[in-house]
Structures are given as C-alpha cells and as structure tokens.
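Colleague: I would like to learn how to read the features of a model. Can you take me through them one at a time?

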Amino acid sequence: MNDLVIDAARRSTADLVGARWRCAGRACDLVWLGFGSVLALPDRRGGTREIAEFALHLQGPWRVYAGDERLAGASDIYLPPPGWTGDGEFDWDVQGANRFDVRAAKLTTHLGGAEVVVTSVELDADGDLTVFLSDGFRIEARCGGSGGEDWRFFRPGKDDDHVVMPPED
C-alpha cells in the first residue's frame, strides 16, 4: 500500500485519541461506531438528528474486545441471537434479530454510563487498524484488500477527510 496514503490515514485517525466511544449499531451489513462529541446535524426531512462527531464504518473483517474477551465480530451479524431455539425463520437483516444487534445494544448501554475513551490508534502498512480504548477495550479492523471497502473513518456531515481502506481507485 502507498506510504503517502497510510501516512495521511494515520494523521486522520489520530484525531480519535481522547474521543469518547459513544455507540455501536448497523445498517444492513455495515457496522457503525460513533466517537467524540454528540452533534446535531440536519436530517433529510428538515429536522435534526444527533450523531457522534467521528464515525468508523466496518464492512470487512473486524472484532471488538474487552481485555482478552471477544465481545463482537463481523460474523455476528449473520448469526441468531443467544437463546434462539431454531423455531421460526431467522432473518439476520431485521434490526434486533441477530447476535450483533443484541451485543451492540448491551455495549451501547454500557458506553452511555461509562467514559470509554480512545487512548491510541495504530495503522499498519497493510491498512489494518487497531483502536485502543480505556477499560481494556480494543477494536480491530482488518484490510483484506479484496477490492471492497473494509473500513472507513470520517466526520459525519463533512465531505472531506474520509479515510477508506483499501483506498478507492
């Protein structure tokens, strides 16, 4: 991967250091994580919506850890929630219906009452991102380089400074 691209990505993601982790959720198979201050931005209906200052979108391989315990990973989106008996149909794309949705809801509740902040960010030469947080949390986003977007970091409401891995051609 181009050193200039990696250096620019490192400078941009370094802005996360000191930011509070606010929330986790998904839209289809895209996982979003929100960090920093809460902003009120215009929505498409003429009102406003509250959104975190920084967003990390994950679509490739990723994992979230608390210490050595894996809290969530990319495959959780496609798995039924704990306790599912197999009765009825399982549709992973229904909000709240999969393992990730259950874990993200618990995590977001925890984050609402805790000051979990980014302590450091590492980005290697292959585009793999690791976000280290207080309380032993860690987010890993891998860059597979298979042609699709694995992860994206940006400031919602601003069109500049999107970091996309692997980089768009």
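Modeller: Start with Arg103. At 28% relative accessibility, Arg103 counts as partly exposed. The cut-offs are these: buried is under 20% relative accessible area, exposed is over 50%, and partly exposed is in between, with a 1.4 Å probe and protein chains only. This is a predicted model, where local features need pLDDT of at least 70, side-chain atom pairs count only at pLDDT 80 or more, and totals for chains, interfaces and linings use all residues. Residues are numbered from 1 along each chain as its sequence is written, and side-chain values use heavy atoms, leaving out hydrogens and water.

Colleague: Which residue meets the side chain of Arg103 in a salt bridge?

Modeller: A salt bridge is a side-chain nitrogen of Lys or Arg within 4 Å of a carboxyl oxygen of Asp or Glu. Here the partner is Asp76, at 3.1 Å, N to O. Asp76 lies in the loop between strand 5 and helix 2, and Arg103 in helix 2, so the bridge ties together parts 27 residues apart in sequence. Helices (H or I, at least four residues) and strands (E, at least two) are DSSP runs, numbered from the N terminus. Asp76 is buried, with a relative accessible area of 0%.

Colleague: How many salt bridges does the structure hold?

Modeller: There are 10. One of them joins Arg155 and Asp15, at 2.6 Å, N to O. Arg155 is in the loop between strand 9 and strand 10, and Asp15 in the loop between helix 1 and strand 1, so this pair ties together parts 140 residues apart in sequence. Arg155 is buried at 18%, while Asp15 is partly exposed at 35%. Glu149 and Arg152 also meet in a salt bridge, at 2.7 Å, N to O. Shared partners join Arg26, Asp93 and Asp101 into one network of salt bridges.

Colleague: Now the rings. How many aromatic pairs does the structure hold?

Modeller: Rings of Phe, Tyr and Trp (its six-membered ring) pair if their centres lie within 6.5 Å; planes under 30 degrees apart are stacked, over 60 edge-to-face, and the rest tilted. The structure holds 6 such pairs. Phe54 and Phe153 are stacked, 5.7 Å centre to centre, with 15° between the planes. Phe54 is in strand 3 and Phe153 in strand 9, 99 residues apart. Phe54 is buried at 5%, and Phe153 is buried at 1%.

Colleague: Why is the pair of Trp62 and Phe100 edge-to-face?

Modeller: Look at the angle. Their planes stand at 85°, so the pair is edge-to-face, with centres 5.7 Å apart. Trp62 is in strand 4 and Phe100 in helix 2, 38 residues apart. Trp62 is buried at 5%, as is Phe100 at 3%.

Colleague: Where do I look for a cavity?

Modeller: On a 1 Å grid over the protein atoms alone, a cavity is a set of points where a 1.4 Å probe fits but cannot get out; lining residues have an atom within 4 Å of a point. The structure holds 1 cavity of 30 Å³ or more. The largest cavity has a volume of about 70 Å³, where volume is the space filled by probe spheres set on the points, which are joined across faces, edges and corners. Its lining includes Trp62, Phe100 and Arg103. Helix 2 gives the largest share of that lining, 4 residues.

Conventions. On a 1 Å grid over the protein atoms alone, a cavity is a set of points where a 1.4 Å probe fits but cannot get out, and a pocket is an open set with protein on both sides within 12 Å along at least five of seven lines; lining residues have an atom within 4 Å of a point.
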